[in-house]
Amino acid sequence: MMDIVPYNIIEKWLKAWSLSRKLPLPVRYKSGFKVEVGEERQKIRYVFPEINDDFIELSKQIDEPWIYLKVCASPDEVKNRVSEKWIIQPPGYMMFCSSPMNISRKSLGESYRLEYENYNSTTAVKIIDENGELACIGRIVLADDLAVYDRILTAENHQRKGLATFLMHELEKIAVSNGIHNNFLVATEQGKSLYETMGWELYSSYTSIVIPGI
C-alpha cells in the first residue's frame, strides 16, 4: 500500500471520475483538487493525496453542508485531525491491478445480452436481462495511461450470478484493446473483497467527510 498517493494518480482518477459523470473536469486547489459536482447532497468535492495543512485548513473554513472533503488516508487518521462537525462516511479503498485479472471466462447465458454506450472517453457496459431490464452496469474511463473502473452495480435480484465478474472481464478487454494495463478503481468494503479475488491490490485507504444538512 502506498504511503502517499502520487499527485498525478489522483489527477487522472478524478478526471476519469468526472468524465464518467459528465461533470466539469477537476481543477487544482492548492495541493489537491476541486470538482464542482452540483448535486443537492454533493455540491463540491475536494480531494487530497494526504492529510496536510491544506486539508486541515479547508476543514476549518467550511461550514456549509454537502461539501465533501476526501483524502487518501484511513478514517481513524482523519477522525483525529478534524472537528466533530464533520461526519466520516463509510470507508473507501483505492485499488490497482497491473496484470491480467484472475477471472474464469464464462458465457453470459441466453437470459442476458450486452449493450455498450460510449461518451467522454468512457465506455458503459450494460448487461440486460430477457425482460429488457438492467441487470448489471459498469464503466471504464481511459485517462492517459490509466484505465479507471467506475460505478460497477448489480441489481439486487441479479446478484450472486457472476454478472459483476463477467462485466469486469468485458471492461478489462476494452482497456487491453487500447494498450492500457494499469487499472484503477475505488471500492467499497463489500466491493474490495470481490476485487481482491480477481487479483486487485490495495493502493490506499480513502476517506470522505461531510457536514450533513438538516
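This is a predicted model: local features need pLDDT of at least 70, side-chain atom pairs count only at pLDDT 80 or more; totals for chains, interfaces and linings use all residues.
**Ground rules.** I number residues from 1 along each chain as its sequence is written. Local features need pLDDT of at least 70, side-chain atom pairs count only at pLDDT 80 or more, totals for chains, interfaces and linings use all residues, and side-chain values use heavy atoms, with hydrogens and water left out.

**Ring pairs.** I looked up the aromatic pairs and found 9. Rings of Phe, Tyr and Trp (its six-membered ring) pair if their centres lie within 6.5 Å; planes under 30 degrees apart are stacked, over 60 edge-to-face, and the rest tilted. I picked Tyr-29 and Phe-48, which pair edge-to-face. Their centres are 6.4 Å apart, with 85 degrees between the planes.

**Where they sit.** Tyr-29 is in strand E1 (residues 27-29) and Phe-48 in strand E3 (residues 42-48), so this pair ties together parts 19 residues apart in sequence. Strands here are DSSP runs of E, at least two residues, numbered from the N terminus.

**Buried or exposed?** I checked Tyr-29 next. Tyr-29 is buried at 18% relative accessible area; buried means under 20% (1.4 Å probe, protein chains only). Phe-48 is buried too, at 0%.

Phe-55 is buried, with 0% relative accessible area. I then noted one aromatic cluster: Tyr-29, Tyr-46, Phe-48 and Phe-55.

**Charges over rings.** I count a charge if NZ of Lys or CZ of Arg is within 6 Å of the ring centre and within 35 degrees of the ring normal. Arg-45 lies over the face of Trp-17, 3.7 Å from the ring centre. Lys-192 lies over the face of Tyr-93, at 5.3 Å.

Conventions:
Helices (H or I, at least four residues) and strands (E, at least two) are DSSP runs, numbered from the N terminus. Buried means under 20% relative accessible area, exposed over 50%, partly exposed in between (1.4 Å probe, protein chains only).
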